[in-house]
Amino acid sequence: MIVGGIFGMIKMVWLLCRQVKSLRYNKRRRPDMGTREDMVSSMGSRIASVGLAAFLAGWFALGNYWILSVYWPDSEPSSLYEPNGWCNRTLYVTSLVHLALVYAAGALVLVTVVAVLVFQQCAFRFK
């Protein structure tokens, strides 16, 4: 959770900085100047943004595997020589709840997008 949180925070700060830079550029632009989107977002920043998003998606998938592959591990250590054989119950339940919330939020976004598209198509048919 720490690694994903740190890299997620880096991505959000990066997006915020790009947005502020874009707004500043739009305020300074004169009407006689053409639009220059390449000044705001360079190819290097696009590649880094895609790479960071791919890393976060991979980290999320790996976290799913780690959490769900040891379904309900032992909550008490059976041996000090096997530290990977147990997990704190509160930590494990917190991880499961976090996964459930992430999937619920994703499902809510997906249902909302589908509903908007359906209503949009219905509105165009009856127009």
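1. Contact here means heavy atoms within 4.5 Å, and in that sense isoleucine 67 touches Tyr92, Ser95, Leu96 and Leu99, not counting residues up to four places away in sequence. This is a predicted model, in which local features need pLDDT of at least 70 and side-chain atom pairs count only at pLDDT 80 or more, while totals for chains, interfaces and linings use all residues. Residues are numbered from 1 along each chain as its sequence is written, and side-chain values use heavy atoms, with hydrogens and water left out.

2. Ile67 also belongs to the largest nonpolar core, together with Cys87, Tyr92, Leu96 and Leu99; such a core is a set of buried Ala, Val, Leu, Ile, Met, Phe, Trp, Tyr and Cys residues joined through side-chain atoms within 4.5 Å. Helix α4 (residues 89-125) supplies the largest share of this core, three residues, where helices are DSSP runs of H or I with at least four residues, numbered from the N terminus.

3. Asparagine 64, which lies in helix α3 (residues 43-69), counts as buried because its relative accessibility is 9%, the limit for buried being under 20% relative accessible area (1.4 Å probe, protein chains only). Leaving aside residues up to four places away in sequence, asparagine 64 touches Ser69, Leu99 and Tyr103.

4. How do α3 and α4 meet, and which residues make the contact? Their axes, lines fitted to C-alpha atoms over the stretch in contact, come within 11 Å and cross at roughly 135°. The contact is made by Phe60, Asn64, Ile67 and Leu68 of α3 and by Tyr92, Ser95, Leu96, Leu99, Val102 and Tyr103 of α4.

Note on methods
Helices (H or I, at least four residues) and strands (E, at least two) are DSSP runs, numbered from the N terminus. Buried means under 20% relative accessible area, exposed over 50%, partly exposed in between (1.4 Å probe, protein chains only). Axes are lines fitted to C-alpha atoms, for helices over the stretch in contact, and angles run from 0 to 180 degrees between N-to-C directions.
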